[in-house]
Amino acid sequence: MDVAGLFFDAQRSLSRPARLARDAEGLSLLVDGEEHPRRPQLRGISEKLGRLPRKLSFADGSLLEVPADAPVDGLLPRQDRFFAVAHWLEASWKYAAAAGVITILLLAVTYRYGLPLAARAAADITPPAISGMMNEGTLDTVDRFIFEPSKLPEQRTAHIRALFAGLTAPLVETQDYELLFRDGGRIGPNAIALPGGTIIITDQLIELARSDDEILGVLAHEVGHVEQRHSLQQVYRALGLSALVVLAGGDSGQLVHDAVNQAAVLQTFAYSREFEDAADKRSVAIMVSDGRNPLAFIDLLDRITAGASGSDQTTMLSTHPGAADRRAAAEAEARALGWCKDCPTDESKKGGAQ
Amino acid sequence: MNNGSGPQPTDAAAPLGPAEPFVFTGSASEYYRIWIVNLMLTVVTLGIYSAWAKVRRLRYFYGNTLLQGHGFDYHADPVRILIGRLIVVGTLMVVNILSQTSPVFLLLIVPWLVALPWFINQSLAFNAQMTSYRNLRFGFQGAYFAGLGAFVLMPLLAIISAGLLAPFSSGFRANYLGSHTRFGTAWFDTDAPLGRLYANLGATMFFLIVLAVLVFGGLMLESRLVTGGSRDDRVAIFILLGVISFYISYFLVFYAYRAGVRNIVFNTTTLDGGHRLSSTLSRRRYVWIMISNALMVLGTLGLLWPVASVRHWRYLAQSTHFHPAGPLDGFLGRESQKSSVAAAEYLDLGGFDFGL
């Protein structure tokens with residue numbers, strides 16, 4: 001073997017033409033036509049990449065640059081084969097196209113299934129201490145900035161508290177629940193679930209309700225959020241999504257970066273709708289198993305939407321599904337669980353249970 | 001040396017013209033395949049390969065950027081990059097979750113701002129050390145308080161003054177970056193004159209006014225022409241168009257300003273006292289390339305990203321010249337100081353842009 005190239009001494013910008021040869025005793029270097037005083041000790045060879053010259057670096061910090069096609073691959077006893085494979089893939093449009101298809105499929109699968117699964121697993125292994133801290137922190141914030149103390153009479157809250165305790169009695173083995181009453185202030189009729197099991201219901205929501213089942217249905221919905229750790233999952237999904245964006249987007253420049261981030265925000269709305277659906281389903285199941293009307297809370301939602309002149313349509317910008325969609329989904333779920341609207345057995349079952 | 005054409009004559013014999021161009025020999029079609037293989041391996045390995053992908057990407061761009069026939073090179077060890085990235089991602093996750101537990105943790109922004117100059121200095125030092133030309137490494141020797149001024153205080157001042165002090169901030173930062181960078185043992189020096197930076201702001205303002213008239217006129221025309229649909233729909237479309245054109249205009253103005261700053265900064269940068277740099281970006285052309293690149297990438301859901309990337313890099317390279325005062329084979333190297341790969345990866349993953 002005999003390769004021509006450019007030789008750079010260590011720590012000098014001077015380049016000189018050189019030849020590298022291998023004989024029985026090892027490598028020898030001819031720089032500017034003169035034999036290099038010592039036999040070069042080869043330390044590394046840069047990987048193949050496009051048509052870039054290969055760079056042979058020696059132990060003393062000097063360097064020999066040789067053409068891309070120079071036969072230098074056998075010179076090191078252990079040269080990583082991996083990048084030879086990468087280079088071979090990169091050299092062909094056919095393999096590049098295959099790589100493109102695989103990448104798109106994998107990204108789609110990761111995004112659709114991998115991310116939610118990973119978020120769920122991460123939420124499941126998050127220690128309760130963390131959700132407890134998040135619970136306290138959020139409660140502190142909403143109490144300071146949104147809510148006022150409840151103005152409901154003691155009697156009314158005690159009644160709802162008792163109903164809620166009955167509803168969650170079969171569920172408290174795995175999770176503690178705490179029900180709090182607050183004046184909703186500017187957010188009006190609403191209920192929120194905090195990750196540690198605290199559920200806040202506003203006076204306005206209770207005043208708007210026409211039956212206990214309506215209130216309990218909403219509370220069961222919030223129980224669903226807590227049980228399935230939706231707030232933690234939301235945090236992890238958002239983190240995973242931004243990681244995916246960084247990985248796939250790389251250094252794509254500010255404008256592209258911003259646009260992708262806006263798309264990611266739209267995606268978190270979609271995630272939120274997905275969680276609302278799941279919580280609705282859970283609410284229906286809890287209400288049915290307690291012998292209560294699982295659709296009552298949808299009536300209450302309708303009244304809230306009407307009051308807030310909100311839309312009953314699901315759009316890309318909604319955090320919650322539209323009321324019409326929610327009613328249809330809840331009805332389907334209730335029917336699947338064997339519940340029917342005017343069955344007389346419902347009442348008797350309830351009576352029997354108590 | 002390129003295209004396997006064999007060794008070239010020694011530098012002493014190379015002609016020393018007044019302006020040596022930076023030449024980019026990469027191609028979009030070649031980089032496209034490198035990019036897609038990088039992306040596939042990154043996704044298959046759940047992101048671990050991203051460190052190797054980064055090194056390969058930068059080696060491709062640096063290696064294909066030639067000055068006097070010699071390419072630049074990027075030397076970072078992917079394993080170190082990976083470790084840096086893991087530290088960054090882990091820290092960001094912890095901070096993110098903590099900030100969910102209590103708003104008190106939002107106060108972390110204060111120590112973050114205090115530490116930012118250190119991060120940036122370490123990052124610049126790492127990236128400079130990993131870059132070489134003719135087997136000599138670059139270097140960056142930061143200073144904390146100058147960095148605090150360049151990256152925290154001056155930008156704040158520029159924002160508070162609604163951009164009126166932006167040239168002051170740009171100049172301070174460019175001078176800081178330029179004067180703390182070295183090639184081997186030879187120091188760069190940048191002395192961007194404030195007057196020219198303000199002239200650049202004026203030219204940008206003119207550009208902004210023209211743009212504002214166009215956008216405003218376009219929106220007015222749109223409100224006249226579109227008459228179908230309900231009133232709510234028309235208002236919604238009008239607002240949407242307004243927001244999008246405002247956003248794009250912001251970037252147009254930003255790039256127009258930046259092109260001017262780059263020219264001024266490069267034109268007032270010297271190496272080792274005698275060698276000079278120059279930059280001849282055309283404001284309009286640069287803005288056009290940046291905006292059309294962004295639209296091209298978004299329109300193809302990222303599939304043309306490598307094409308846009310090569311186009312941008314090539315334009316920057318061909319608009320940059322080196323004016324040697326003598327042969328370039330007399331530079332000497334020196335040992336590198338310590339620098340933090342985690343800081344470099346933090347700024348890289350966060351999309352921090354030095355604008356040069």
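Two residues are in contact if their C-beta atoms, placed from the backbone, lie within 7 Å.

## About the model

In chain A, among contacts with a separation of 6 or more, 59% join residues 24 or more positions apart. This is a predicted model, where local features need pLDDT of at least 70, side-chain atom pairs count only at pLDDT 80 or more, and totals for chains, interfaces and linings use all residues. Residues are numbered from 1 along each chain as its sequence is written, while chains are lettered from A and ligands numbered from 1 in the order in which they are written.

The model scores ipTM 0.81 and pTM 0.82. Here pLDDT is the predictor's confidence in each residue, from 0 to 100. Chain B has a mean pLDDT of 85, with 92% of its residues at 70 or more. Take care at residues 1-17 of chain B: pLDDT stays under 50 there, and the model has 35 contacts beyond four places in sequence for them.

## Chain A

Eleven helices and eleven strands make up the secondary structure of chain A. Both are DSSP runs numbered from the N terminus, helices being H or I with at least four residues and strands being E with at least two. Of the 354 residues in chain A, 35% are buried. A residue is buried if 20 or more other C-beta atoms lie within 10 Å of its own, exposed if 12 or fewer, and partly exposed in between, with C-beta atoms placed from the backbone.

L6(A) counts as buried because it has 25 C-beta neighbours inside 10 Å. L6(A) and A18(A) are twelve residues apart along the chain, with 5.5 Å between their C-alpha atoms.

## Where the chains meet

Contacts link 52 residues of chain A with 55 residues of chain B. On the chain A side, α2(A) gives the most, with nine residues. Sorted by class, that side has 31 nonpolar, 15 polar and six charged residues. For these classes, Ala, Val, Leu, Ile, Met, Phe, Trp, Tyr, Cys and Pro count as nonpolar, Asp, Glu, Lys and Arg as charged, and the others, Gly among them, as polar.

Helix α2(A) also has a kink of about 45°, centred on T110(A); the bend at a residue is the angle between axes fitted to the seven residues ending there and the seven starting there. Its buried residues are A99(A), T103(A), L115(A), A119(A) and A123(A).

Now visit M133(A), in helix α3 of chain A. Beyond its neighbours within four places in sequence, M133(A) is in contact with T101(B) and S102(B). M133(A) is partly exposed, as 18 other C-beta atoms lie within 10 Å.

## Two spots in chain B

Which way does phi point at A162(B), a residue other than glycine: positive or negative? Phi of A162(B) is positive, near 55°. A162(B) is in the loop between α5 (144-160) and α6 (166-179) of chain B, and counts as exposed because it has 8 C-beta neighbours inside 10 Å.

D272(B) is not a glycine, yet has a positive phi of about 55°. Its place is the loop between β8 (269-271) and β9 (275-279) of chain B. D272(B) counts as partly exposed, with 18 C-beta neighbours inside 10 Å. Most residues other than glycine have a negative phi.
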